[in-house]
Amino acid sequence: MIKAVAYYRAASPEGAEMGLQRQKEAVREYAKKNGFEIAAEVEAIESGTSADRDSLRQLKEEVDRTESKVVLTRNIDRIARNPLVMEEVADNLGGVDIRGVEGLQYEDGILKKTGLDAAERGTGRRLLFEDGC
């Protein structure tokens, strides 16, 4: 199994409990189905607009402590909403892959979008875009 740290974030306290619970369910299910061991979990209630956040420092500590190779989150906008902030966070994390279990991933310095195109729904084919979206 591949070690991973799970990251969950809500922007504000309103509805945070339910939102964080949904994130946990999605990430845990993805990890179980895809051979990841969740070695640690980090939870935060804060804005995702800055790379200078306590939860991201804690995330870095957990990645290092557990020697994890991947950060799992429901969607990478839980890590950062701005691609430039995402790049800074990824650099701070030491190059681990950041996988959004629904939507986007940040791997090898490339922001990737995965999912089913509307025309392809039902065929099961996945599309991968490496357009820096």
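**Figure 1. Helix H3 and the glycine that follows it.** Gly-94 comes after H3 and has a positive phi, near 80°. The model is a predicted one, in which local features require pLDDT of at least 70 and side-chain atom pairs are counted only at pLDDT 80 or more, whereas totals for chains, interfaces and linings use all residues. Residue numbers start from 1 along each chain as its sequence is written, and side-chain values use heavy atoms, with hydrogens and water left out. Helices (H or I, at least four residues) and strands (E, at least two) are DSSP runs, numbered from the N terminus. At the start of H3, the backbone nitrogen of Leu-84 has a side-chain oxygen of Asn-82 within 2.6 Å. Val-85, Met-86, Val-89 and Ala-90 of H3 are buried, a term that denotes under 20% relative accessible area, with exposed set at over 50% and partly exposed in between (1.4 Å probe, protein chains only). The buried residues of H3 line one face of the helix, because they fall within an arc of 140° when seen down its axis; the arc is that of the directions from the helix axis to the C-beta atoms. Leu-84 and Asp-91, on the other side of H3, are exposed.

**Figure 2. The nonpolar cores.** A nonpolar core is a set of buried Ala, Val, Leu, Ile, Met, Phe, Trp, Tyr and Cys residues joined through side-chain atoms within 4.5 Å. The largest one has 20 residues, of which Tyr-7, Leu-59, Val-71, Ile-79, Leu-93 and Ile-98 touch the most other members. Two or more residues of this core come from each of strand E1 (2-10), strand E2 (36-45), helix H2 (54-66) and helix H3 (83-92). With four residues, H3 makes the greatest contribution to this core.

Figure 3. The chain contains three helices and seven strands, arranged along the sequence as β-α-β-α-β-α-β-β-β-β. Two strands are taken to pair if DSSP finds at least two bridges between them. E1 and E3 run parallel and are joined by four bridges; Ala-4 has Val-70 as its bridge partner in E3. E3 also pairs with strand E4 (residues 97-100), in the parallel sense and over four bridges, and the partner of Val-71 in E4 is Ile-98. In a regular strand, side chains alternate between the two faces of the sheet. In E3, Val-70 and Leu-72 point one way and Val-71 and Thr-73 the other, and all are buried.

**Figure 4. The surroundings of Thr-73.** Thr-73 belongs to strand E3 (residues 70-73) and is buried, with a relative accessible area of 0%. A polar atom of the Thr-73 side chain lies 2.9 Å from the backbone oxygen of Tyr-7. Contact here means heavy atoms within 4.5 Å. Apart from neighbours within four places in sequence, the residues in contact with Thr-73 are Tyr-7, Val-27, Arg-78, Ile-79, Arg-99, Gly-100 and Val-101.

**Figure 5. Ala-31 in helix H1.** Ala-31 lies in H1 (residues 16-34) and is buried, its relative accessible area being 3%. Residues up to four places away in sequence aside, Ala-31 touches Phe-36, Ile-38 and Leu-72. Ala-4 is 27 residues from Ala-31 along the chain, and their C-alpha atoms are separated by 8.5 Å.

**Figure 6. Ser-12 in the loop between E1 and H1.** Ser-12 is located in the loop that connects E1 and H1 and is partly exposed, with a relative accessible area of 28%. The side chains of Ser-12 and Glu-14 form a polar contact at 3.0 Å. Such a contact is a pair of N or O atoms within 3.5 Å; within protein, one must be able to donate a hydrogen and the other to accept it, and residues adjacent in sequence count only if both atoms are side-chain atoms. Ser-12 and Ala-44, 32 residues apart in sequence, are 9.4 Å apart from C-alpha to C-alpha.

**Figure 7. Glu-67 in the loop between H2 and E3.** Glu-67 occupies the loop between H2 and E3 and is exposed, with a relative accessible area of 58%. Most residues other than glycine have a negative phi. Glu-67, although not a glycine, has a positive phi of about 55°.
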